[in-house]
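Subject: Structure for you to look at

Hello,

Here is the structure I said I would pass on. Please open it first; my notes follow below.

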Amino acid sequence: MARQHAASVLAAALVVGILASIPAEVRSIGVCYGVKGDHMPSASDVVKLYVSRGITGMRIYEANAETLAALDATGINLIVDVPNIAEMASSPDAASKWVQDNVVAYPGVNIRYIAVGNEVNGSDPLAQNILPAMQNMNAALSMAGFEHIKVSTAVQSGVTTGYPPSHGTFSTESAHMPPIALYLAKTGAPLLANVYPYFAYTGNPTAITIDYALFTSSGTVVQDDNGLAYQNLFDALVDTFYAALQSAGATDVGIVVSESGWPSAGATAATVSNAQAYNQGLIDHVSHGTPKVPQPLETYIFAMFNENEKGGAETEKHFGLFNPDMSSAYDINF
């Protein structure tokens, strides 16, 4: 997938070669809830699992009536993706209907962010639809009295370039991003960033150590020329996003990590022990923030379940913290 290649290119630069505001009310780790598998549990049972494990955030990739109803009155923070970006961009009425059907109809659901697009590359014609779709969605939310919900887009590391992290900018292939960054600064919404040290490491295993990717390095691996030191690749990737926002004139835009995870099967580095080390390390780490922004970083692990019907590489089926029968894929302490 695009994020795999783009992350590996960026990570090679990170290894070989501001203070931004943080969204308020940061709580603990969230988990992305995908449903591309057989014998998946009901949405009601899934929400009960979130509550029982103390998982206070969820991301869903489409608004689903069963899931939204199950989330009612739970207090679980929600990121929800919207479909049909082109239609949302061209039709304020379509944005308004989506808001009425999926926001207004569920006043007891704590929708925190709406993601307009997930990892849309600059070369994709849809990229030019993201900003107008965000504008229409914000207008629809405001008209419905839900302006507190923040509208953003989810991007992967390939939209940025630069080494060391403080030199991060949006890449020339991602010309759609600076206007989006400035719009986020205007609305007060964060940028949603999908951050995957796994893809960076597997794309450059001779340049990147597994310890640097897994939060297990014993000391500094990358020394930035601004004096900041990096002990893990996750921080370096996130701070490159912060620097890119700053270079675009959007210094006050925060970041929410909308996806991050490590597969437990399907490739050499995709093992249960590595997945457990990464995801537990992520949970334990993000409350401290990054060297550039040492404040709690709202983060969503990808993903809740192993999904055997996903396409792409075999690893895509094995990002889950849980199996479809709701047993743990490995031990994780939230």
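Ala73 is exposed, because its relative accessibility of 68% is over the 50% cut-off for that class. Before going further, please note that this is a predicted model. Ala73 sits in the loop that runs between helix H3 (65-71) and strand S3 (77-82). Its phi is near 65°, which is a positive value in a residue other than glycine.

Met326 is another non-glycine residue with a positive phi, here about 75°. Met326 belongs to the segment after S12. With a relative accessibility of 29%, Met326 counts as partly exposed, because that class lies between 20% and 50%.

Two cis peptide bonds are worth checking when you prepare the model. One joins Tyr163 and Pro164, with omega at about -10°. Pro164 is placed in the loop between strand S6 (160-161) and strand S7 (169-170). The other cis bond goes from Phe302 to Ala303, and its omega is near 10°. Ala303 is found in the segment after strand S12 (299-301).

Next, Asn110. This residue lies in strand S4 (residues 110-118). Asn110 is partly exposed, as its relative accessible area is 32% and so falls between the 20% and 50% limits. Which residues does Asn110 contact, leaving aside neighbours within four places in sequence? They are Gly75, Ile76, Asn77 and Leu78. With one of these, Asn77, there is also a polar contact between side chains, at 2.5 Å. Asn110 and Leu71 are 39 residues apart along the chain, and their C-alpha atoms are separated by 8.1 Å.

Last, the largest pocket. The space in it comes to about 610 Å³. The pocket is lined by 25 residues, and those closest to its centre are Gly34, Val35, Lys36, Tyr61 and Glu307. By class, the lining consists of nine nonpolar, seven polar and nine charged residues.

To recap the backbone points: positive phi values occur at Ala73 and Met326, and cis peptide bonds occur at Tyr163 to Pro164 and Phe302 to Ala303.

Regards

Notes. Residues numbered from 1 in each chain as written. Predicted model: local features only at pLDDT ≥ 70, side-chain atom pairs only at ≥ 80, totals over all residues. Heavy atoms only, no water. 1 Å grid on protein atoms, 1.4 Å probe; cavity = no way out; pocket = protein on both sides within 12 Å on 5 of 7 lines; lining within 4 Å. Points joined across faces, edges and corners; volume = space filled by probe spheres on them. Nonpolar A, V, L, I, M, F, W, Y, C, P; charged D, E, K, R; others polar. Helix = DSSP H or I, 4+ residues; strand = E, 2+ residues; numbered from the N terminus. Buried < 20%, exposed > 50% of the residue type's maximum accessible area, 1.4 Å probe, protein only. Contact = heavy atoms within 4.5 Å. Polar contact = N/O pair within 3.5 Å; in protein donor to acceptor, adjacent residues only side chain to side chain.
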